[in-house]
Amino acid sequence: MTEELLQHWRLHEIDEEAVRHEAERARFPERRRTLAAHVAAERSRLDAHDAHAAQRERRRRELERDIASLEEQEKRFRRQLDAVTNQQQFEAVQHEIAGVAGKRSDLETEVLTLMEDDERAGVQRPSLVAALDRAERDAAATVATLDESEATLVARLAELDAARTAAATPLEPAARSRYERIRASRGGRAVAAIEKGACGGCFRAQPPHALQEARRADR
């Protein structure tokens with residue numbers, strides 16, 4: 001094998017390692033997004049829980065105001081009973097009292113239902129808070145590990161960049177230019193081994209004359 005081919009192969013080994021590291025580094029943003037999405041989902045669950053609680057609280061206050069208003073109406077109707085002068089008027093006021101009392105009873109039932117919902121929600125909330133806290137802690141720990149791994153990769157890529165400069169320098173300008181052109185067009189790979197009669201880069205079977213030419217290893 002010619003010295004030029006050996007130089008190409010040494011450069012190829014450096015580039016292969018760089019390609020692997022770049023591929024690994026490219027996965028980091030998605031992993032960070034996945035962690036952030038998990039935290040956001042847990043926070044959304046807690047926010048929705050609290051929003052429903054606030055909505056129930058507003059509704060309960062509205063109902064309590066309506067109940068107080070109905071109680072005042074019922075008191076006024078009862079006071080009117082003292083002023084009625086015949087049975088017909090008495091029955092009419094009694095009918096009004098019954099109607100107001102029925103409405104008040106319905107609203108009081110709704111208040112009790114809301115209070116029961118609040119009680120159940122109060123039991124559920126600590127687990128939601130714990131889930132969010134756990135997600136945030138796990139995400140922070142994982143992101144710290146990712147940051148450390150990425151820093152290591154960046155440092156190694158810088159070393160490989162310096163190494164490839166040194167490995168590429170001995171090549172003739174034309175050979176180096178061809179190598180870099182192929183490398184740029186094929187995702188960082190310009191050299192591939194032939195394995196079982198096929199190119200290790202594109203995995204296409206090579207014709208016999210190409211295999212014989214490759215075995216000569218003279219260019």
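How much space lies in the largest pocket? About 1,300 Å³. A pocket here is an open set of points on a 1 Å grid over the protein atoms alone, where a 1.4 Å probe fits, with protein on both sides within 12 Å along at least five of seven lines. Grid points are joined across faces, edges and corners, and the volume is the space filled by probe spheres set on the points.

Before I go on, the source. This is a predicted model, in which local features need pLDDT of at least 70 and side-chain atom pairs count only at pLDDT 80 or more, while totals for chains, interfaces and linings use all residues. Residues are numbered from 1 along each chain as its sequence is written, and side-chain values use heavy atoms, with hydrogens and water left out.

Back to the pocket. Its lining, meaning residues with an atom within 4 Å of a point, has 29 residues, and Leu5, Ala190, Val191, Ala192 and Arg219 lie nearest the centre. H1, H4 and helix H5 (208-216) each give two or more residues to this lining. Helices are DSSP runs of H or I, at least four residues, numbered from the N terminus. H1 provides the largest share, 6 residues. By type, the lining has 16 nonpolar, 5 polar and 8 charged residues. Ala, Val, Leu, Ile, Met, Phe, Trp, Tyr, Cys and Pro count as nonpolar, Asp, Glu, Lys and Arg as charged, and the others, Gly among them, as polar.

Now H1 itself. Helix H1 covers residues 3-26 and reaches 34 Å from first C-alpha to last, close to the expected 34 Å; the expected span is 1.5 Å times one less than the number of residues. Its buried residues (under 20% relative accessible area, 1.4 Å probe, protein chains only) include Leu5, Leu11, Ile14 and Val19. The buried residues of H1 pack against helix H3 (87-168) and helix H4 (173-185), with contact meaning heavy atoms within 4.5 Å.

Next, the largest nonpolar core. It has 11 residues, among them Leu63, Phe77, Val100 and Leu114. Such a core is a set of buried Ala, Val, Leu, Ile, Met, Phe, Trp, Tyr and Cys residues joined through side-chain atoms within 4.5 Å. H3 gives the most to this core, 6 residues. Not counting residues up to four places away in sequence, Val100 touches Leu70, Gln73, Glu74 and Phe77.

Last, one pair. Asp50 lies in helix H2.

Notes:
Buried < 20%, exposed > 50% of the residue type's maximum accessible area, 1.4 Å probe, protein only.
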